[in-house]
Amino acid sequence: MAIRRSILKMMVLFILVVGMAAPASAHHGWRWTADGNFELTGIIQRAELGNPHGILKVDADGEIWTVEVGQPWRHDRVGLKDETLSEGTEIIIVGHRSADPDEKVVKAERVTVGGRLYNLYPNRD
Amino acid sequence: MWEALEATALAQHLRASTYSYPLVNALHIVGLALLLGGITPVDLRLLGLWRGIPLEPLIRTARRTAAFGLVLALAMGLLLFSVRASEYAMHPAFQIKLVLILAALANAAFGEHAHRRHEAGRLRVHAGLSLGLWLAVILAGRAIAYF
């Protein structure tokens, strides 16, 4: 019986740990972000595009921000090419920043490059 | 070396793909499900649950299920790894996961050995370690995406 109880305890602990880990996600959904739209303008320093998710490093007035953009299908849908997001390009990002104010991370809903707007999440305002 | 893996046609295709990457991702999870789905009932049985269920047929079916799951998870895992090999290779959670997988496989081999020699006490220890190690592998695997 003692063994059974310790197994049960282990399973409960495992579920708790996994449950706590999930909302901390920086890549899935929007729950980790702050409410209200956030705008950022800067120069792309580095672009890592493609699966599992696209990441830009953007220099905004000397501050380096991490910008989460879309997966390939999301970029394809709005005609956003990888070459458009090359180093040295100016980009305007509208999205939601991390709810943690110390974290310079923003998940993009819309980006503007070279005067063209790419709406990655047409169903979000 | 990692760059060479990232530069393969398959890795490039997966990185840019709409459907292949999520499919490979899902099959990796199918592999894990079969692996732990095979292992967990045996470990719990060895730890004292379901004493009325005969051990040998349970082990025989579970071993094949788990072995298939392991091969599937490893193959799909290698594909997922190839997409961002140099990044994952440096990721602490990924490194921990690899060590845990090696420990879990070694533990399984020692468990098989104890089983063949009918050492019930030692076998129970390996069963407990097996549960803990494989759950830790899953946690470390998820941590790659979150940290």
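Predicted model: local features only at pLDDT ≥ 70, side-chain atom pairs only at ≥ 80, totals over all residues.
**Stop 1: confidence.** Colour by pLDDT and begin with chain B, where the mean is 95 and 100% of residues reach 70 or more. Within chain B, helix α3 (residues 20–46) has the highest confidence, at 97, while helix α5 (residues 85–89) has the lowest, at a mean of 93. For the complex, the predictor reports an ipTM of 0.71 and a pTM of 0.80.

**Stop 2: the largest nonpolar core.** Select Leu40(A), Leu56(A), Val67(A), Leu85(A), Ile91(A) and Ile93(A): these have the most contacts inside the largest nonpolar core, a set of 23 residues. Now show the strands of chain A that each supply at least two residues of this core: β1 (38–48), β2 (55–60), β3 (63–68), β4 (90–97) and β5 (105–113). Which strand gives the most to this core? That is β5(A), with 4 residues.

Next, centre on Leu40(A). Leaving aside residues up to four places away in sequence, Leu40(A) touches Ala60(A), Trp65(A), Val67(A), Ile91(A), Ile92(A), Ile93(A) and Val106(A).

**Stop 3: a second core.** Move on to Ala85(B), Tyr88(B), Phe94(B) and Ala143(B), which are among the 15 residues of a second, separate core.

**Stop 4: a buried arginine.** Finally, select helix α2 of chain B (residues 9–16) and pick out Arg15(B). Arg15(B) is buried but has no salt bridge; Glu6(B), the nearest side chain of opposite charge, lies 5.2 Å away. Show the contacts of Arg15(B), again leaving aside residues up to four places away in sequence: Leu49(A), Gly50(A), Asn51(A) and Pro72(A) in chain A, along with Glu6(B), Ser82(B), Val83(B) and Arg84(B) in chain B.

Definitions and conventions. Residues numbered from 1 in each chain as written. Chains lettered and ligands numbered in written order. Heavy atoms only, no water. Core = buried A, V, L, I, M, F, W, Y, C linked by side-chain atoms within 4.5 Å. Buried < 20%, exposed > 50% of the residue type's maximum accessible area, 1.4 Å probe, protein only. Contact = heavy atoms within 4.5 Å. Lys, Arg positive; Asp, Glu negative; His and termini not counted. Salt bridge = Lys/Arg side-chain N within 4 Å of Asp/Glu carboxyl O. pLDDT = per-residue confidence, 0-100.
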